[in-house]
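Subject: Structure handover

Hello,

Here is the structure for you to look through. Please open it next to this email and follow along.

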Amino acid sequence: AEIRAAAAWAIANLETPGDVADALVARLRSESEPEVRVRLYQALQNQERFDVGVTSVIATEQDLAARLAGYQLLALEVARIRDSALAVQFDELAVPRLAELAISGVNMNQRLNAVIALRQANTPTAIQALAGIRARSGETKIVQAATMK
């Protein structure tokens, strides 16, 4: 698992990773280790295109860190391709969970990453969720991060 995670992390950080999206998605669908799945989602962020059917994998994620990494991948893809159907999927699947995680995540990193994903997606529903986070959160860093500039 450590080697698979390191390989995916290396792909995520390559300047020119090549087109390995299909292989990453195939690996993601069969990977049992949450840490490796996190790195696979991060590697997919570095791909020009990938099968957005990976949304079904994200929807069934049991591990919180892997699910958050999947939501971040979707947020970036929503912002990148501006596909209304994908934006609707993101709004339905991720926005409520990200909004709650931004308020009640177990650590600051989770809370900030949830806010960042909402900001990146920049859908009307995500922007509305950010307003709710600003109103509900008592943490200055979270409120500042949820403020669209």
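First, a term. A pocket is an open set of grid points with protein on both sides within 12 Å along at least five of seven lines, and a lining residue has an atom within 4 Å of a point. Keep in mind that this is a predicted model.

**The pocket**

The largest pocket has a volume of about 150 Å³. Which residues line the largest pocket? They are V38, Q42, A65, L68, A69, Q72, N107, N109, Q110 and N113. The most comes from α5, with 4 residues. Now sort the lining by class. There are 6 polar residues, 4 nonpolar ones and no charged ones.

**The helix pair**

Stay with α5. It packs with helix α6 (residues 84–93) at an angle of about 150°, and the two axes are 9 Å apart. How do α5 and α6 run relative to each other, roughly parallel or roughly antiparallel? Angles over 145 degrees count as roughly antiparallel. So α5 and α6 are roughly antiparallel to each other. The crossing of α5 past α6 is left-handed.

Next, the contact itself. From α5 come Y71, L74, A75, E77, V78 and I81. From α6 come L86, A87, F90 and L93. By class, the residues of this contact are 9 nonpolar, 1 charged and no polar.

Find both sites in the viewer.

Best wishes

Technical notes. Residues are numbered from 1 along each chain as its sequence is written. This is a predicted model: local features need pLDDT of at least 70, side-chain atom pairs count only at pLDDT 80 or more; totals for chains, interfaces and linings use all residues. Side-chain values use heavy atoms; hydrogens and water are left out. On a 1 Å grid over the protein atoms alone, a cavity is a set of points where a 1.4 Å probe fits but cannot get out, and a pocket is an open set with protein on both sides within 12 Å along at least five of seven lines; lining residues have an atom within 4 Å of a point. Grid points are joined across faces, edges and corners, and a volume is the space filled by probe spheres set on the points. Helices (H or I, at least four residues) and strands (E, at least two) are DSSP runs, numbered from the N terminus. Ala, Val, Leu, Ile, Met, Phe, Trp, Tyr, Cys and Pro count as nonpolar, Asp, Glu, Lys and Arg as charged, and the others, Gly among them, as polar. Axes are lines fitted to C-alpha atoms, for helices over the stretch in contact, and angles run from 0 to 180 degrees between N-to-C directions. Angles under 35 degrees count as roughly parallel, over 145 as roughly antiparallel, 65 to 115 as roughly perpendicular and the rest as oblique. A crossing is left-handed if the near helix is turned anticlockwise from the far one by less than a right angle, and right-handed if clockwise. Contact means heavy atoms within 4.5 Å.
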